[in-house]
2 protein chains.
Amino acid sequence: MRPAEHAQLALLLEVSGTPKPGNVDRDRDLPDLRYEQFLAGAVGAGSGLRAAESDSIGIAFERAVEGMAGRHGENTQFGALLLLTPLVRAASEGELTPAGVDRVVRETTVADAAAFYRAFEHCSVFVSDPPAEWDDLDVRRGSAAIPAVEERGLTLHDVMALGEGEDDVAREWTGGFERSFRVADRIEELSGPLSDRAAAAFCEQLAERRDTLVAKKHGTDVAEWARQEIADHLGDVEMLDALATAFVERGVNPGTTADIVAAGLFIALERGVEA
Amino acid sequence: MRPAEHAQLALLLEVSGTPKPGNVDRDRDLPDLRYEQFLAGAVGAGSGLRAAESDSIGIAFERAVEGMAGRHGENTQFGALLLLTPLVRAASEGELTPAGVDRVVRETTVADAAAFYRAFEHCSVFVSDPPAEWDDLDVRRGSAAIPAVEERGLTLHDVMALGEGEDDVAREWTGGFERSFRVADRIEELSGPLSDRAAAAFCEQLAERRDTLVAKKHGTDVAEWARQEIADHLGDVEMLDALATAFVERGVNPGTTADIVAAGLFIALERGVEA
């Protein structure tokens with residue numbers, strides 16, 4: 001399979017892993033987000049992922065998000081695509097290593113940043129208010145923020161650096177995709193169906209570090225509660241199943257951790273792990 | 001979504017539907033065929049399905065099968081792709097009707113038939129022995145049968161006509177895709193998640209007509225037993241779940257019925273039904 005296909009398969013395997021407390025999986029829909037929408041999102045993202053093999057990262061990402069979001073603008077895999085786009089490029093250049101993907105993201109341009117802002121117009125993405133001095137760079141402005149991006153000469157890598165403190169997808173971009181590669185190692189180590197390994201890696205990652213989407217939506221205390229609950233019950237599938245219900249009831253949806261697992265699955269597939 | 005994407009999504013929704021006695025679904029792997037392999041098959045078939053929008057039907061089908069089969073030659077969706085390829089073409093020509101797809105299959109050539117025979121070299125497909133006078137056309141010969149196909153001047157439509165008596169995928173090809181369109185109507189009528197509707201349509205189809213893959217593998221009596229069991233318990237999800245176990249124990253795998261449901265899902269998606 002070419003890199004874009006491995007990326008598409010990574011999205012499908014990620015969402016199929018269960019139990020993954022708080023997230024959609026093959027056994028659980030959320031009230032506003034369903035398993036089948038993730039299948040459709042993975043299919044729709046295909047053209048953008050193929051573009052990521054050779055086109056501009058920003059344009060490829062925007063196209064992937066547009067295809068994923070479909071007619072109703074559901075956001076199923078925005079963060080995962082933001083990680084997969086540069087990883088697909090690094091893989092198609094034969095350099096799927098922390099240094100290789102670091103080079104890819106550092107080579108992004110102001111035009112890539114502009115495309116990234118346009119991507120927010122295709123679907124609804126949960127973000128916090130930016131600090132006052134960056135108000136003109138608020139991603140929720142979409143295209144309207146592009147003049148400010150251009151005036152400041154910000155590349156997509158620069159934009160990610162602004163978010164690295166509060167968003168772990170951005171932190172991957174500025175930190176050599178450290179956790180993504182670690183998840184890939186773990187998926188290679190584990191045995192069994194890949195979606196089971198992905199669910200296990202998800203729980204381990206969540207136990208290790210608070211999910212930044214949960215922290216943005218519900219505050220650090222809730223994110224820490226979720227982390228601790230998972231850490232206390234790691235490996236206990238029955239308890240994790242019960243936690244899945246508790247998380248959904250509280251609206252706790254650790255989406256960033258899932259994004260990183262999708263990135264790790266992609267890397268593992270590129271290394272030859274088989275579904 | 002473009003037709004090739006709807007076809008890919010149809011494959012994913014079909015395999016996700018449960019319970020679907022005897023077949024792989026999101027809750028059930030078979031000993032030699034797993035859910036994740038179907039996800040990979042749908043991803044791998046993408047390039048061939050895109051080719052079906054404009055290239056030769058035979059070449060597109062061969063490419064789809066090659067991509068589906070991957071490194072180990074698993075046969076997850078051979079029959080479904082044989083139905084989807086001409087349906088994708090009909091849709092991309094704006095004529096997704098029984099007459100439209102009938103025209104597409106009647107326009108196939110000897111070169112399409114040759115590509116069809118080559119497709120058998122990419123994966124293992126269960127077929128019965130042909131009548132003695134067609135021995136030189138046995139699909140298991142793969143490319144080696146192509147000279148005989150060319151000598152007799154058989155188009156892919158002609159080859160399907162040879163199989164229509166014992167294979168319901170071939171029967172769709174020669175009968176205006178009658179059941180595929182009927183499944184699409186039924187999926188439009190039903191409500192709920194599309195994969196649930198697909199599973200319900202699968203059971204209804206199986207109750208109506210013996211599965212030809214089961215008949216080829218185990219004989220007409222076993223195919224009739226399976227049909228009757230499903231007919232007796234239609235709509236009773238608990239019993240259907242129990243039958244799923246019984247079917248798997250007997251190696252009864254109604255794959256042709258699943259192929260037709262995938263085709264019906266594609267038509268329904270093209271008509272605007274949403275995942």
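Predicted model: local features only at pLDDT ≥ 70, side-chain atom pairs only at ≥ 80, totals over all residues.
Residues are numbered from 1 along each chain as its sequence is written, chains are lettered from A in the order in which they are written, and side-chain values use heavy atoms, with hydrogens and water left out.

So what does touch? 27 residues of chain A are in contact with 27 residues of chain B, contact meaning heavy atoms within 4.5 Å. Between them the chains bury about 2,400 Å², 51% of it on carbon and sulfur atoms; that's accessible area (1.4 Å probe) lost on being put together, summed over both. A:Arg26, A:Glu36 and A:Val43 supply 26% of what chain A buries against chain B, more than any other three residues.

On to symmetry. Chain A can be laid on chain B with an RMSD of 0.0 Å, by a turn of 180° and a shift of 0.0 Å along the axis, superposing by least squares on the C-alpha atoms of residues with pLDDT of at least 70 in both. The two copies are thus related as by a two-fold rotation axis. And A:Arg26 again: of the residues of chain A, its C-alpha comes closest to that axis, at 3.5 Å. Both copies use the same surface, with 100% of the contact residues of chain A recurring in chain B.

Note on methods
Buried area = accessible area lost by both parts, 1.4 Å probe.
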